[in-house]
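Please look over the sequence and the model before reading on.

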Amino acid sequence: PDAAFIDRQLRLRQADAGDAEKKNDAMAELAAYRALASDFLGLRDVPEAEKKLVALKKSPALKAALKKQQEQIDEQAASENEVSGKLHAYVSGSAEDGTTLASTIVQEMHQLNDQAEHSKNEVKRLVARRAFAGLFVEGIESGQEELESRHFDKAEACFDLMSKVSDSPWP
């Protein structure tokens with residue numbers, strides 16, 4: 001092993017852990033102390049990091065941060081699921097009125113994108129940005145699947161729909 005490299009990496013991870021502690025960022029602390037405890041196992045003795053990791057796992061701050069994270073995940077999933085079902089119905093052609101459904105999908109995705117760009121709450125911006133990106137990728141991938149299956153009309157419909165929700169040149 002390259003001892004100098006290991007020592008540099010150890011100092012970097014220790015600095016990351018220190019920065020996370022200063023910011024009171026329990027999630028970043030968890031990541032930093034996990035890295036210190038696991039990445040350097042057998043390479044360097046890191047009992048202080050292991051002690052802090054054990055204490056952090058029991059801390060109310062981490063429990064609160066994990067709860068907030070789960071709430072954000074649930075909020076993102078709810079946003080995605082609402083539009084995803086409509087997107088699936090649109091692609092499969094099972095909707096009674098495809099034009100109205102397409103318009104609804106575009107409108108809802110524009111609302112998500114607007115939240116991602118303009119919400120005053122940073123967490124809501126991030127959740128909306130991730131939901132929008134996930135749905136956009138789902139739309140593009142649906143179009144690619146239809147293209148590979150040689151369902152050219154469906155593929156074109158997917159790509160056209162996604163071109164209406166984003167300025168991305170891909171569709």
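Axes are lines fitted to C-alpha atoms, for helices over the stretch in contact, and angles run from 0 to 180 degrees between N-to-C directions. The model described here is predicted.

## Helices α4 and α5

Helix α5 (residues 98-118) packs with α4 at an angle of about 155°, and the two axes are 10 Å apart. Angles over 145 degrees count as roughly antiparallel, and α4 and α5 are therefore roughly antiparallel to each other. The crossing of α4 past α5 is left-handed.

On the α4 side, the contact is made by Ser79, Glu82, Val83, Lys86, Leu87, Ala89 and Tyr90. On the α5 side, Gly98, Leu101, Ala102, Thr104, Ile105, Glu108, Met109 and Leu112 take part. By class, the contact of α4 with α5 has nine nonpolar, three polar and three charged residues.

## Helices α6 and α7

Helix α6 (residues 122-148) and helix α7 (residues 152-165) have axes that come within 7 Å and cross at roughly 160°. That angle makes α6 roughly antiparallel to α7. α6 passes α7 in a left-handed crossing.

The contact draws on Phe132, Leu135, Phe136, Gly139, Ile140, Ser142, Gly143, Gln144, Glu146 and Leu147 of α6. From α7 come Phe152, Lys154, Ala155, Cys158, Phe159, Met162 and Val165. The residues of the contact of α6 with α7 divide into eleven nonpolar, four polar and two charged.

## Helices α2 and α4

Helix α2 (residues 26-39) also packs with α4, here at an angle of about 105° with the axes 8 Å apart. Angles of 65 to 115 degrees count as roughly perpendicular, so α2 and α4 are roughly perpendicular to each other.

Ala26, Met27 and Leu30 of α2 meet Ala61, Leu62, Ala65, Leu66 and Gln69 of α4. The contact of α2 with α4 has seven nonpolar residues, one polar and no charged.

## The largest pocket

The largest pocket has a volume of about 170 Å³. Its lining consists of Asp25, Met27, Ala64, Ala65, Lys68, Gln69, Gln72 and Val123. Helix α4 (residues 60-92) gives the most to this lining, with five residues. By class, the lining has four nonpolar, two polar and two charged residues.

Some of these residues also belong to a helix contact. Met27, Ala65 and Gln69 line the largest pocket, and Met27 of α2 and Ala65 and Gln69 of α4 are among the residues where α2 and α4 meet.

Conventions
Residues are numbered from 1 along each chain as its sequence is written. This is a predicted model: local features need pLDDT of at least 70, side-chain atom pairs count only at pLDDT 80 or more; totals for chains, interfaces and linings use all residues. Side-chain values use heavy atoms; hydrogens and water are left out. On a 1 Å grid over the protein atoms alone, a cavity is a set of points where a 1.4 Å probe fits but cannot get out, and a pocket is an open set with protein on both sides within 12 Å along at least five of seven lines; lining residues have an atom within 4 Å of a point. Grid points are joined across faces, edges and corners, and a volume is the space filled by probe spheres set on the points. Helices (H or I, at least four residues) and strands (E, at least two) are DSSP runs, numbered from the N terminus. Ala, Val, Leu, Ile, Met, Phe, Trp, Tyr, Cys and Pro count as nonpolar, Asp, Glu, Lys and Arg as charged, and the others, Gly among them, as polar. Angles under 35 degrees count as roughly parallel, over 145 as roughly antiparallel, 65 to 115 as roughly perpendicular and the rest as oblique. A crossing is left-handed if the near helix is turned anticlockwise from the far one by less than a right angle, and right-handed if clockwise. Contact means heavy atoms within 4.5 Å.
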